[in-house]
Amino acid sequence: METIVALATAPIKSALAIIRVSGDDAFAIVSKSFSKDIREIKERTLLFGNIVKGDKVIDEVVLAIYKGPKSFTGEDLVEIICHGSVLIANEIIEQLIANGARYATNGEYSSRAFLNNKIDLIQAEAINDVINATTKEAKELSILSLKGKTSELILPLKKRITDVLSLIEVNIDYPEYEDIEVANKEHVVSLVDELVPQIDSLVENGQKGLIIKEGIKVALVGKPNVGKSSLLNALLGESKAIVTDIAGTTRDVVEGEINLNGIVLHLLDTAGIRDSEDQIELIGVNKTKKTIKNADLAIVLLDASKELDKEDQEILSLVENIPHIIVYNKADKLSNKDDNKLYISALNNDITPLKDEIYKVLGIKEESFKTPSLNNTRQLGLLQAAKESLLKAKEDAEAGLPVDLIAVSLMDAYNFVLEILGEYNQRDISKEIFSRFCVGK
Ligand SMILES: Nc1nc2c(ncn2[C@@H]2O[C@H](COP(=O)(O)OP(=O)(O)OP(=O)(O)O)[C@@H](O)[C@H]2O)c(=O)[nH]1
Ligand SMILES: [Mg+2]
């Protein structure tokens, strides 16, 4: 493979910077500008020396030298650890390019690791997730995937589909042999009945993993004056949104973000919904309706001190089709409470019951943070596709179709499972995935 070079650390002033060089000529290209010849090195090693340009020293550096295939990319790889100056790093990179390397594209190192079978696609995606994680919990979950724990979840599916597919193959290829088991409808039906619940549970865990990784959009909705902005402020622990006793205070959507015990909530405080003559308020109300449609969870606030009215009912019907929590605010004004209702007082910062309920609705438990899962939309989409193909195979089996036709859907399911790992059609999908990486990864 062509030799590539890029800065692996951030292009800012720091103690040290790392430049990565990977490819067939990595050792030769570095040797041209290093005070020692490293071409014959066979073992992983560290070397101290100078990077030079003619007789000028660019920097004193340490080289971490990895002889392929025992390297991250699987190729000969050199990490040049230099002083953390952008000028020095650029000068070294220019020198290596002059010596025959080319600047790497986004994610090209990880892409090579994948193509050289050092990691599967799930692990490659996890590298990006680790880098982009914004919470400790999301980072830890991604580390599990990086270590291959998520890939292991797929292996039983792969194996079981292979079992049945190979039985069918043998039957098709060697119909004359009488001592082999006959592939029949029951094999397919029992395979599908066994795997579909497994896929459902993978999807369920994956959706939780996605929430832990990316957080959720939470819309605070309700009539004017029920205390939405007060709740936003209480959740954020700062007075971000304007609160007044004038109905219709909030017009634009006010956003805030909190980390609720490991889950990032992107909070959206909205304009109170009501029929209004006020042009500006009406625009706000329309924005609220759009916000509800895009939210993952709606928190509907009702005023605990008042009777439910038609306007409240209308708001409840707006959230009917998305996950929602109904909460009674201003509980401090009440003396009698109904055990079946969720009460809070945004004014008094008494909102713990709501925080607990959010966890409950999302189904996130302590173990969710430690459970490896297929948790990006690509992986979840492929799981869904695999499930549909399996169900089609079962339908065909039950309709009495010949096994070779049933095998077509089974093969589709198999390929979808392989595609999760990047083992099918790998070059096309990996191109798309690695383009999302930063250069130097
Ligand atoms: N007693 C009591 N008053 C509250 C509580 N929460 C909010 N309020 C008061 O209710 C009034 C309206 O609060 P806001 O937070 O502005 O209400 P809102 O839902 O954002 O209203 P709009 O922006 O107009 O839609 C303010 O006077 C708050 O102090 C509560 O828990 N108890
Ligand atoms: Mg408000």
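A: Let's start where helix H8 stops: the helix is followed by Gly 237, whose phi is positive, near 70°. (Helices here are DSSP runs of H or I with at least four residues, strands are E runs of at least two, and both are numbered from the N terminus.) Keep in mind that this is a predicted model, where local features need pLDDT of at least 70 and side-chain atom pairs count only at pLDDT 80 or more, while totals for chains, interfaces and linings use all residues. Residues are numbered from 1 along each chain as its sequence is written, with chains lettered from A and ligands numbered from 1 in the order in which they are written.

Buried means 20 or more other C-beta atoms within 10 Å of a residue's own, exposed means 12 or fewer, and partly exposed is in between, with C-beta atoms placed from the backbone. The buried set is Lys 228, Ser 229, Ser 230, Leu 231, Leu 232, Asn 233, Ala 234 and Leu 235.

What sits over those residues? The cover includes five strands: S7 (216–222), S8 (254–260), S9 (263–269), S10 (297–303) and S11 (324–329). These strands build an open sheet in the order S8-S9-S7-S10-S11, with mixed pairing; two strands count as paired if DSSP finds at least two bridges between them. S8 and S11 are at the edges with a single partner strand each, so one side of each has no neighbour in the sheet. On average, neighbouring strands of this sheet are turned by 25° against each other, direction ignored. Such angles come from axes fitted to C-alpha atoms (for helices, over the stretch in contact) and run from 0 to 180 degrees between N-to-C directions. Inside the sheet, S7 and S9 pair in the parallel sense over 5 bridges, and Leu 220 stands opposite Asp 269 in S9.

Zooming out, the chain splits into domain 1 (4–104), domain 2 (149–211 + 376–424) and domain 3 (219–368), with bounds from an automatic or database domain assignment. The C-alpha centres of domain 2 and domain 3 are 44 Å apart. The chain has a radius of gyration of 29 Å, whereas a compact globule of 441 residues would have one near 22 Å; the radius is taken over C-alpha atoms, and the globule rule is 2.2 Å times the number of residues to the power 0.38. Along its principal axes, the C-alpha trace spans about 85 × 75 × 40 Å. Altogether there are 14 helices and 11 strands, and 40% of the 441 residues count as buried.

Now for the cores. A nonpolar core is a set of buried Ala, Val, Leu, Ile, Met, Phe, Trp, Tyr and Cys residues joined through C-beta atoms within 7 Å. The largest has 66 residues, of which Ile 19, Val 21, Val 78, Ile 80, Ala 413 and Val 417 touch the most other members. Helix H13 (residues 403–421) gives the largest share of this core, 10 residues. Domain 1 and domain 2 both give residues to the core, so it lies between them. Take Val 21: beyond its neighbours within four places in sequence, its contacts are Thr 3, Val 5, Ala 26, Ile 29, Val 30, Val 78, Ile 80, Leu 96 and Ala 101. A contact here is a pair of C-beta atoms, placed from the backbone, within 7 Å. There is also a second, separate core of 41 residues, including Val 226, Val 319, Tyr 328 and Ile 344.

S3 (residues 45–53) and S4 (residues 56–66) pair in the antiparallel sense over 9 bridges, with Lys 53 opposite Lys 56 in S4. Their hairpin has 2 residues between the strands, and Gly 54 there takes a positive phi near 65°. S4 is also joined to S5 (residues 77–83) by 5 bridges, running antiparallel, and Tyr 66 stands opposite Leu 77 in S5.

Notes. Contact = placed C-beta atoms within 7 Å.
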